[in-house]
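The sequence and structure are shown below.

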Amino acid sequence: MKEEALTKEALGAFANKHRQSFEELLKTYVEIPTISNDPTKKPYIRDLAKIASDTILEFGGQPSTIDTGDAGNPIVCGQWGDDPALPTVTVYNHLDVQPASKETEPWETEPFTFTVKGDKYFGRGTTDDKGPALSALFGIKAAREAGVPVNLRVLWEFEEEIGSPNFEKGIKENRDALKTDSVIVSDTIWIARGKPAAPAGLRGLQGFLFTLETGTTDQHSGVCGGAARNPIAELMQLVAECFDARTGKVKIPGFYEDVVAPTKKELEDFKKSGFTVAGFKKDHLFKSLRTNDPLDLMKRIWAQPTFEIHGVVGGYTGPGLKTVIPPRAEVKVSCRLVPNQDPEKICKAIEKFVKSKNPDVKVQRANRLGPYKGLTTGPLADAVRRSMKFAFGKEPVFVREGGSIGAVITMEQVLEAPVLFLGLSLPEHGYHAPNENYDWEQASGGIVAFARYFAEVARLGKAAPAAPAPKKAAKAKPAAAGKAKAAPATKAKAKPAPVVKAKAAPPAKKAPAKKR
């Protein structure tokens, strides 16, 4: 291992040397609209999967693809080294993205046109999660050139934004080929710029669609008003009975039954995290919040379950007023769940409650992701601490994260490996929001941090502890849901591995995408 190539100065110089290549590659990836909840975008997903495989090959790796069939999207894998005497690290990212439109959302630039403004990169997927994926990839390149004695892998998913419906089956059927000693995920958010964070846990997700149909067509409110049932109004009443919209308190019996309050240590970590209410409001463009107490706010977004309304469908939504009574309405709902809550138990409680309040309302289950409690101690967690401090000058705080990543539990259980996090995104980057962006400070720091992390794991050696026997977690039951040239990169002699076939998971009804 060339220690002189792993100093902060040397790795910073490496990142700057490859900045143009990084930006060219990110442009290629961002300008392919890999929207996983839109079936019409499957050709674009296949295009980027092919380009991603070519990228791995150009970076000296051996690519392979897990084909999940017509119902699913491919999983792209990359491998650098296969020495059984060395530790193996797998980096997980996803390359699918949320929908985006300048016509319906306040984007200042075209979401699928890569736009550079100074050190910032704008476009859908720049921070969630194509930019961090490429930071990790260049970190792999730096580690390989420095001769770091470790086997490296990448696992790039194209269904994370829809709950990973085919990921578990694809991974299970290729368990041996994907064997690893540990997994590092780069798909999480810091407290703020200059305040690194690593998740001590992730909230889970359970989605629902509430629908009510009381007629066949719109009817005149003057002729029928007072006699006709109004499905929008009835669903609004139901929602108000489910939770208090002003406080967020859920009224459904048993909803909080299994919630475990944060420990004193966790609360102390929350307080030391550097989180501020003013910063939270600024980063997320809020005008007001349910609370302005910092600790209460942190507990709400990291450690407590939620009941949220994402959309109402029905009635007239055009300009002005149209006095009709609609025949049908739908409410899109989800619950964020915390560790120890069982999504199936929550489903049954909500279905029972809805039936008791309005038996005509149909409840359709949508995306499901189990909550996750992460590692915060041990050699690998310490390696994350040292690597982030090395790259960014400050150790990360280990706090819970409010978002959900379905693949995490799957990888821990199927690959029987510990899962850790080295996120690079900031609240101001705008996960899922208009004007999503990434920046060179985080990108280059990420390259340095990943290269350092691989060196840290190499020093631990093959004897690095394996994950404890994974606890049984609620199984995820998610609903299913152009051409571009690859940027130039370093030539490699490795040959592509064959495509690995995997049977597709049975399709389910389309549900709203999740996230973070």
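Helices (H or I, at least four residues) and strands (E, at least two) are DSSP runs, numbered from the N terminus. On this definition, D129 is found in helix α4.

## Basis of the model

The model is predicted: local features need pLDDT of at least 70, side-chain atom pairs count only at pLDDT 80 or more, and totals for chains, interfaces and linings use all residues. Residues are numbered from 1 along each chain as its sequence is written, and side-chain values use heavy atoms, with hydrogens and water left out.

## Overall composition

The secondary structure of the protein consists of 14 helices and 19 strands. Of its 516 residues, 53% are buried, where buried means under 20% relative accessible area, exposed over 50%, and partly exposed in between (1.4 Å probe, protein chains only).

The protein exposes about 22,300 Å², and carbon and sulfur atoms supply 53% of that area. Accessible areas come from the Shrake-Rupley method with a 1.4 Å probe; for residues, only the protein chains shown count as cover.

## Helix α4 and its packing on α14

Helix α4 spans residues 126-145. Because 18 of its 20 residues are buried, α4 is largely enclosed by the rest of the structure. Within this helix lies D129, which is joined to D128 by a cis peptide bond with omega of about 15°. Most residues other than glycine have a negative phi, and most peptide bonds are trans. After α4 comes G147, with a positive phi near 70°.

Helix α4 packs against helix α14 (residues 440-460) at an angle of about 50°, with the axes 7 Å apart. That angle makes α4 oblique to α14. Axes are lines fitted to C-alpha atoms, for helices over the stretch in contact, and angles run from 0 to 180 degrees between N-to-C directions. Angles under 35 degrees count as roughly parallel, over 145 as roughly antiparallel, 65 to 115 as roughly perpendicular and the rest as oblique.

Contact (heavy atoms within 4.5 Å) involves S135, A136, F138, G139, I140, A142 and A143 of α4, together with A443, G446, I447, F450, A451 and F454 of α14. By class, the contact of α4 with α14 comprises ten nonpolar, three polar and no charged residues. Ala, Val, Leu, Ile, Met, Phe, Trp, Tyr, Cys and Pro count as nonpolar, Asp, Glu, Lys and Arg as charged, and the others, Gly among them, as polar.

## The α8 and α10 pair

Helix α8 (residues 264-272) and helix α10 (residues 294-302) cross at roughly 110°, their axes coming within 10 Å. This makes α8 roughly perpendicular to α10, and the crossing is right-handed. L267, F270 and K271 of α8 meet L295, M298, K299 and W302 of α10. The contact of α8 with α10 has five nonpolar, no polar and two charged residues.

I45 belongs to helix α3 (residues 42-58) and counts as buried, at 1% relative accessibility. Leaving aside neighbours within four places in sequence, I45 contacts T34, I35, S36, N73, P74 and F158. I45 and T34 are eleven residues apart in sequence, and their C-alpha atoms are 5.0 Å apart.

## Positive phi in exposed loops

N340 lies in the loop between β13 (328-337) and α11 (343-357). Although not a glycine, N340 has a positive phi of about 95°; at 52% relative accessibility, N340 counts as exposed.

E416, in the loop between α13 (406-414) and β17 (419-421), is another residue other than glycine with a positive phi, near 50°. E416 is exposed, with a relative accessible area of 58%.

How values were computed: Left-handed = near helix turned anticlockwise from the far one by under 90°.
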